[in-house]
Amino acid sequence: MLTQEKPEESISIQHSIGADIIMQLDDVVSSLTTGSRVEEAMERSVRWLDRCIVQHEKSGKKDTQNLFAIVQGGLDPVLRDRCIDAMIERRDGVAGYAIGGLSGGEEKDVFWRIIKQCAERLPEERPRYSMGIGFAEDLLVCVALGVDMADCVFPTRTARFGVALTHNGPLNLKLNKHANDLRTLDETCPCPTCTDKTSRAMLHHIVTHETAAAHALTLHNIVFQAQVMGRARKAIIEDRFPDYLRAFFASYFGDSGYPEWCVNALRSVGVDLLEGKTNAKVNPGRSAKWEYASTPQK
């Protein structure tokens, strides 16, 4: 029999797990949903936040576990503002704020505008967490727009699909082009897979067939994500973040062209990826970089 989890139960479960950061129970709808259901979900999320705050404060764990509110409202800027207003009113009961309800298939040009709207309005002294963000370009655009934290299954799920993430773009190790390549995934990467000199050819041979390949790529991809964000943090501290963004995007996308939405999003905060690049290629749409077969695979 199916039962509906209550906000109080959700908080109690997270208390028992002992997580440093715990999330309110929210009502999530697809980011492509429109109409009254979006407003209903947003208002219910606010009501549930009140119940989560009460349960959290009763537990005596407020000083050791941090409750985050989740901003909902779909792709409607008015509903997003209403939700933000309501959650800012409850700031004494939460340690941080998450931006939820995105990365569900919406256009990237809409995605970044919602992120920017929320990040600009949420309190600067509280962590701002964008849920479900994993592509390297998405992470860095969100950081530039004011996001502090993110999470996603992308690096591990991508590893299981046989794709390694690198600073020059993803490597699809299922492709035959890697069958005789004895290079490591990244000569400068400190992950165990690269430092043990596991070759692309070896990974090509076992990828998607043996769990050892998924483990090896998972280790590498997580280190890649940590490097992307760690270097971003260092660049911000050293007051050179715009230069880091330009260097990363130039290396990652190379001659394949910059995603137009990234260019527009970063320009909105004063960073021009095309500065000094008179012949740079810009691609419309999502334009996520991926390695595809140039000829039919055997």
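Is Glu89 buried or exposed, and what is the relative accessible area? Glu89 is exposed, at 65% relative accessible area. The classes are buried under 20%, exposed over 50% and partly exposed in between, with a 1.4 Å probe and protein chains only. Glu89 also forms a salt bridge with Arg90 (3.7 Å, N to O).

This is a predicted model: local features need pLDDT of at least 70, side-chain atom pairs count only at pLDDT 80 or more, and totals for chains, interfaces and linings use all residues. Residues are numbered from 1 along each chain as its sequence is written, and side-chain values use heavy atoms, without hydrogens and water.

**Exercise 1.** Describe the salt bridge between Asp148 and Arg128.

Step 1. A salt bridge puts a side-chain nitrogen of Lys or Arg within 4 Å of a carboxyl oxygen of Asp or Glu. Here the N to O distance is 3.7 Å.
Step 2. Locate the partners. Asp148 sits in the loop between H5 and strand E5 (149–151), and Arg128 in strand E4 (residues 128–131), 20 residues apart. Helices (H or I, at least four residues) and strands (E, at least two) are DSSP runs, numbered from the N terminus.
Step 3. Asp148 is partly exposed at 42%, whereas Arg128 is buried at 10%.

**Exercise 2.** Classify the salt bridge partners Lys234 and Glu238.

Step 1. Their side chains meet at 2.7 Å, N to O.
Step 2. Lys234 is partly exposed at 44%. Glu238 is partly exposed at 39%.

**Exercise 3.** Which residues join Asp27 in a salt-bridge network?

Arg37, Glu40 and Arg44 are linked with Asp27.
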